[in-house]
Amino acid sequence: MTQPSPTNLSNRLGYELEVNGVRYPITADAGRSLLSVIRNEVGLTGTKEGCDDCECGACMVLVDGRPVNSCSFLAAQCQGRSVTTVEGLAGDDRLHPLQQVLLDAGGVQCGFCTPGMLISTHALLTVNPDPNEEDVRIGLSGNLCRCTGYTNIVAAVLQATGTRESNAGAEPEA
Amino acid sequence: MFPPPDPVSYYQAMTAVDVPRFVRADGPDKVTGSGRYAADLQQPGMLHAKFLYAGRTHARITRLNTEPARTIPGVLAVLTAADVPDVRYSPGVADRRLFATDVVRYESEIVAAVAATSVEAAEAAVAAIEVDYEPLEPVTELEAALADGSPLVHPDLDSYDIDDGIVAHGNTAGFSSIELGDAPAAMATAATVVSSCYVADSCHAAPIEPRAIVAQWEGEKLTVWSSTQVPFDARAGICQTLQLPTNRVRVIVPHLGGGFGGKCGFHFEAHIAALARAARRPVKLVFSRREEFMVPDRRREGMIVDITTGLDDNGHIVARTGWIAIDNGAYIADCAFFPQLAAMHVAGPYQVPNLQVEAHLVYTNHQPSGSVRAPTAPQACWALESHTDELAATIGMDPVEFRRLNGIDNDTVGPSGQHYERTGLQECITAATELVGYGRDLPEDEAIGVAIGWWPSFSMPAGAYVKIDDDGAGQIITGAQECGTGAVMTLRQLAADELGMDPEDFQLVYQDTSAGPYDTGATGSQTLFNNGRAVVGAARQVAEQLKALAAGQLEAAPADIVLADGVGSVVGSPGASVSIAELAATAAGGELLLGHGSGSPTQAPEVGATCVGDQGMAAWVSPQVSCHAVHIRLDPDTGVVRVLKVGAAHDSGRIINPMGALGQVHGGVIMGVGQALTEITVYDHDGHQLNPMLLEYKLQTAADGPEIEVKFIESAPGDGPGGAKGLAEAPNVATAAAIANGLARLIGHPVRHLPMTAERVWTELTGGIDSTDATKRQEA
C-alpha cells in the first residue's frame, strides 16, 4: 500500500477565499476540499461532513449562488468566487425567514442535516420562488434526513413561500 | 424575501391535539450553524486517531509488529491490547476486549490504535503496522451456526462471565422462550393451521452524523466529548475498561446528530482516552461514513422467523408457536434481551391463549448487532403481520376484521398472560384505516395494507435538578440526553406547568455526566417517560418552596397559594399576589430555590407466562400499541413499490409535546419505509459488508417520502408524567409490515424476504427463480 505523505509541502497553494462576504487568506494543500478548508481554515463549523462522498448533502454550500457538495469541491477552485454557508444566512439580530419557519414547523430534530437542507432550500427558492410540493421534494432530494421523514421540512418550505396546497400533513382534516 | 411564518395555524392544521407553546430550545443553535457537534471541537495540541481493523471476519493473529508505525514522524502513540488493562466486558456476556488479542471475530475488530499530529500521519502509521493472520472458518449462516459441529465464534464461551438468567452455549449467545397454556395440545384441536417462514436481512441505523470523540486528560481527570446517546453508559465503559474511578471521568455530549440506537452503548471512548493518556495530548476520532457503517457494534439484526397459528371455526386464535433465530454478530453488545423481545413481537398484540415461542441469539462473524430503533420489532412484526394476513386469507376473513377479532382490547389478556386494563389498539385500528380510506376501490396497481404493532415503555432510573435563579428564571439540570427527538426539550414544559411559569423561562443543562444526575440516556424511548417524572418531582419541591415564601409575604397558608402565570396568589383572592421573580430575589438572599427528583420506579406488571432465559421482556409497563395503514402503488414491470400515504395511529398515552410527537411518528414511518423496500446490508460469503456507503445503502429521500397522517389515541394513559408513555421507537414497528400486506394483495402472496427490494418483488411477480433463503425454507 502506498503511504500518504504527511508532510509534503510541494502541493501547497496560497489563495484568497471569500466566505459569507469576508475574504480569508488561505494556505493549504491543493487537494483540500472546500468543506475541509471552510471547517478547519476559515473556522466555520456549521457546514457538516456526513459522508465525504456527495451522498448526503450535509456539506451543501452555495458557490456563486449555486449549491454544491463542498466535500467534493476543491477549495482552490473557489478563488474569485463567493461562497455562502449556513452561517451566512441569518441577519445580525434575527434568523433568516427560512430558519425561523423550519424551527416553527418542527423541521429540525437532530439538526445535522439542517445547514445543508437550508442551503438547498435557499438555492431552490432562488431559481423557483413559488415551488409546488413536488418541486420541493425533488429540490431537497440530495439532502438526506434521518429524523423527520421530510414531512415538516417540506411543509416548512411551502409555508415559507406562502404555498398552502401541501398534502404533507399541512392541510386541515376534512 | 418570504412572508413571516404562522406556526399556530400551521399546527392546528396538522393535529387535533394542542398547539405547541414553544420551539425547541436547541433549535436556534441548529439552524444557524452555531451549535457544536463532537466533530466540530478542537483542543490546543489535539492529535488525530485512526484504528487498524482486522479486515478479516475470522482469523487468528500470529504476528503483530507496531514498530514501523512508531517511526513515522508525527506519531505520538500506538496502542494494542498489550497497552491497556486486560478486561473483558459487554453487558450480559463479557465476550470482548478493547483490542483484539489472539482471534479476530469480525472484519472491523480493532487490532491497534494510533494518535498522530495529522490525519494523514495517523493513516500512514496504521498502514505501516504489520500483522500476520491464520484464517479461521467464518460462521455466517444462522441455522448452520446452531447445528452440531459448527465452528464456534467463541470456543471459550462457557468460561466467560455471564449474567444470571442468560442461557448461552455453543454459538447461542442467548436463548429465551415464552410459554403460555399448552400450545401443542391446542394446536391439535385447531380447525385451521397456517405455517409461515420469513427472513429479514440486517440493516443500519445510519445517523447522518458519523460518530466523533475527543478525549483530554488534565492530571488524573479525564474529559471525553462523545457523540453518544448514552453518556453514563459510556462513562461506565471507560471506567470498567481503563479501571478508573467514576468521579474522575466526565463525559459530555455536544449536540448529537442523530442516533436511532446506532450510538447507544459504550464504543470507542476508552480507546481515545487511552491514546490521549499515552500521547499526553488531547486526541480526536472522527469516523468516515464507511466506518460508521462497518465498525460500531450497532446494526439491526438479521432474523429468521418460523411461525404457526391455529384458529378455531370462528377465526379465533387458539394456539401459536414460533421459532426465531437472530444474527447477534461477533459480540453481544446489548442484545441479551433481544430473544425475548423478538418473541413478544412474534406473539404480537393478540389474544393468544396458548403460546410457545423460542428465540435464539446466534453468534456469527458479522458486525455485532445492537439496539437500533425498536430492536427486533420491525422485522418480527413484519413476519407476524404478514402471517396474520395469510391467516385471514386462509379463512376468507377481511384482515382488518381478523385483527379486531383477535387483537387485545380493554380488560383482556395478551399472549404472555399480561392483563391489559386499558389499551387503545382497537381505536388505533379504526383511526389508521380511516386515515387512508381502507376498503375503497383502487386502481389495480394500488392497494392498502394494514398492520398492528406494539412496544414497551421502559421504567429506568433518571434524575434531575430544578433551580430558580435570583431573577426568577429557571434552570433544569438533567442527566438526560437529547438525540434529536425533542424529549429533553419537552422537560421545560413539564417544569413550567408545575411552577406556573412559561417554558421559555427555563434553560437546560444536559448531557454532561458531571453536571446532571444519572439518566439511562436516549435509549428505549425512555427520556420523557422517566426523566419527565424526575423533573416533575424536582419542580414540585421548588413549587413548595415558592408557596411557603409567598404564604409568608401574603399572610396566607402555603396550601392556599396557587402558582400560575408567573405569580403566586391566594386562592380566591387573585389581588393578593406576588411574582415568582420577587420570590426568587428573596430566596437568593437565604434559602435557595432548589429541587431534585428521581422518577420512582413504576409497578412491574405480572407475567402470566413461563419463561426460560427471562430478560424481563415478557410483561411491559405502559405498553404502546399502534396501527399503520399504507396505500401503495406497484410498478409491475420493475417491481418498484411507491408508498403514497401512511396513516399512523398510535396509543402512546398522553401526548405532552405534539410537535415532538409528530416528528417521531414521521421519522419512524419513513425509516420503516426504508426497511421495507431499500435498506439492506449485503454480505459476501465470508461476512464482509459489501455496501457500507450511502449510494449503495439507499435511505429514503424527500422525493421518496410518502404523505404521512398521524392520529394519537389518548384513551389509555401510561405511567409517565401526566399519563405519557414512551414514543420514539413505536412508530418504527408496523410500517414495513403494512407495506408488505399491501404488496401481498397486489402480488397474490407475501414476499418472504425483507427488505422487499424491487428485485425480489419483480422475482415474485414474474415467477422467476428466487435464490433467497426464505423461499427455499418455505418450500422445504
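Student: How many bridges link strand β21 and β22 of chain B, and in which sense do the two strands pair?

Tutor: In this predicted model, strand β21 (residues 474-478) of chain B and β22(B) pair in the parallel sense, and four bridges link them. To see one such link, look at Gln475(B), whose bridge partner in β22(B) is Gln507(B).

Student: What kind of unit do β21(B), helix α14 and β22(B) make?

Tutor: Together with helix α14 (residues 487-499) of chain B, β21(B) and β22(B) make a β-α-β unit, and this unit is right-handed.

Student: Which residues of β22(B) are on its covered face, and which are on its uncovered one?

Tutor: On the covered face of β22(B) you find Phe506(B) and Leu508(B), whereas Gln507(B) and Val509(B) make up the uncovered face.

Student: Which strands does β9 of chain B pair with, and in what sense?

Tutor: Strand β9 (residues 192-200) of chain B pairs with strand β14 (residues 303-311) of chain B in the antiparallel sense over nine bridges, and with strand β31 (residues 753-754) of chain B in the parallel sense over two bridges. In β14(B), Leu311(B) is the bridge partner of Thr192(B), while in β31(B) the partner of Val199(B) is His753(B).

Student: How are two packed helices described?

Tutor: Two packed helices are described by the angle between their axes and by the distance between those axes. Here, the axes of helix α11 (residues 377-394) and helix α12 (residues 399-406), both of chain B, come within 9 Å and cross at roughly 105°, which means that α11(B) is roughly perpendicular to α12(B). On the side of α11(B) the contact is made by Thr388(B), Asp389(B), Leu391(B) and Ala392(B), and on the side of α12(B) by Pro399(B), Phe402(B) and Arg403(B). By type, the residues of this contact divide into four nonpolar, one polar and two charged.

Student: Is Val562(B) buried, exposed or partly exposed, and why?

Tutor: Val562(B) is partly exposed, because 16 other C-beta atoms lie within 10 Å, and a residue would need 20 or more to be buried, or 12 or fewer to be exposed. Val562(B) is found in strand β23 (residues 561-564) of chain B, and, leaving aside residues up to four places away in sequence, Val562(B) touches Ser569(B) and Val571(B).

Student: How many residues does each chain bring to the contact between chain A and chain B?

Tutor: Chain A brings 63 residues and chain B brings 66 residues. On the side of chain A that touches chain B, α2(A) gives the most, with eight residues. The residues of that side of chain A divide into 32 nonpolar, 22 polar and nine charged.

Technical notes
Residues are numbered from 1 along each chain as its sequence is written. Chains are lettered from A and ligands numbered from 1 in the order in which they are written. This is a predicted model: local features need pLDDT of at least 70, side-chain atom pairs count only at pLDDT 80 or more; totals for chains, interfaces and linings use all residues. Axes are lines fitted to C-alpha atoms, for helices over the stretch in contact, and angles run from 0 to 180 degrees between N-to-C directions. Angles under 35 degrees count as roughly parallel, over 145 as roughly antiparallel, 65 to 115 as roughly perpendicular and the rest as oblique. Two residues are in contact if their C-beta atoms, placed from the backbone, lie within 7 Å. Ala, Val, Leu, Ile, Met, Phe, Trp, Tyr, Cys and Pro count as nonpolar, Asp, Glu, Lys and Arg as charged, and the others, Gly among them, as polar. Two strands pair if DSSP finds at least two bridges between them. A crossover is right-handed if, with the strands pointing away from the viewer, the path from the first strand over the helix to the second runs clockwise.
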